[in-house]
Amino acid sequence: QVQLVESGGGLVQAGGSLRLSCAASRTMFSINVMGWYRQAPGKQRELVGEITSGGSTNYADSVKGRFTISGDMVKNTVFLQMHSLKPEDTAVYYCTAMGRGSVLVGNQRYWGQGTQVTVSS
């Protein structure tokens, strides 16, 4: 099974920046969308942003203007550049991809294990 691997999380002061990276452990047959979700302590997992194979992006209102998604769908890589971080951004950030891991399986959603982002005040 294809796995997504995230990196780049850590502890930063409010107003700081972090860059998260995600890559598939093996090249996927096809990908429609890649993106990032996050889950804060005691809260449900929520969408942060996503990017389609055509390059279109979508962001949650809470991060719009501060976070930027980029990547290469063909290379199965996606990044999340975060600026002006706030304590409320503290969460485990999960990479996700919607596509086919191989020609033998249908379209499905894949998840990474998550990377912790902690923003101190």
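**A disulfide and its surroundings**

Tutor: We begin at Cys22, which counts as buried because its relative accessibility is 3%; buried means under 20% relative accessible area, exposed means over 50%, and partly exposed lies in between, with a 1.4 Å probe and protein chains only. This is a predicted model, in which local features need pLDDT of at least 70 and side-chain atom pairs count only at pLDDT 80 or more, while totals for chains, interfaces and linings use all residues. Residues are numbered from 1 along each chain as its sequence is written, and side-chain values use heavy atoms, with hydrogens and water left out.

Cys22 forms a disulfide with Cys95, and their sulfur atoms are 2.0 Å apart, where a disulfide is a pair of cysteine sulfur atoms within 2.5 Å. A search of the whole structure finds 1 disulfide, and with -80 degrees about the S-S bond the link of Cys22 and Cys95 is left-handed. Because Cys22 lies in strand β3 and Cys95 in strand β9 (residues 91-100), the pair ties together parts that are 73 residues apart in sequence. Strands are DSSP runs of E with at least two residues, numbered from the N terminus. Cys95 is buried as well, with a relative accessible area of 0%.

Strand β3 (residues 18-24) pairs with strand β8 (residues 77-82) in the antiparallel sense over 6 bridges, and two strands are said to pair if DSSP finds at least two bridges between them. In this pairing, Arg19 stands opposite Gln81 in β8. The sheet is open and has 4 strands in the order β1-β3-β8-β7, with antiparallel pairing. Its edge strands, each pairing on one side only, are β1 (4-7) and β7 (67-72).

The loops on either side of β8 deserve a look too. Asn76, in the loop between β7 and β8, has a phi near 60 degrees, a positive value in a residue other than glycine, and Asn76 counts as buried because its relative accessibility is 3%. Ser84, in the loop between β8 and β9, has a positive phi near 50 degrees, again in a residue other than glycine, but Ser84 counts as partly exposed at 41% relative accessibility. Most residues other than glycine have a negative phi.

Leaving aside neighbours within four places in sequence, Arg66 is in contact (heavy atoms within 4.5 Å) with residues including Gln81, Met82, Ser84 and Asp89.

At 11% relative accessibility, Thr115 counts as buried. Beyond its neighbours within four places in sequence, Thr115 is in contact with several residues, among them Leu20, Ala91, Val92 and Tyr93, and the side chain of Thr115 reaches the backbone nitrogen of Gly9 at 3.3 Å.

Methods. A polar contact is a pair of N or O atoms within 3.5 Å; within protein, one must be able to donate a hydrogen and the other to accept it, and residues adjacent in sequence count only if both atoms are side-chain atoms.
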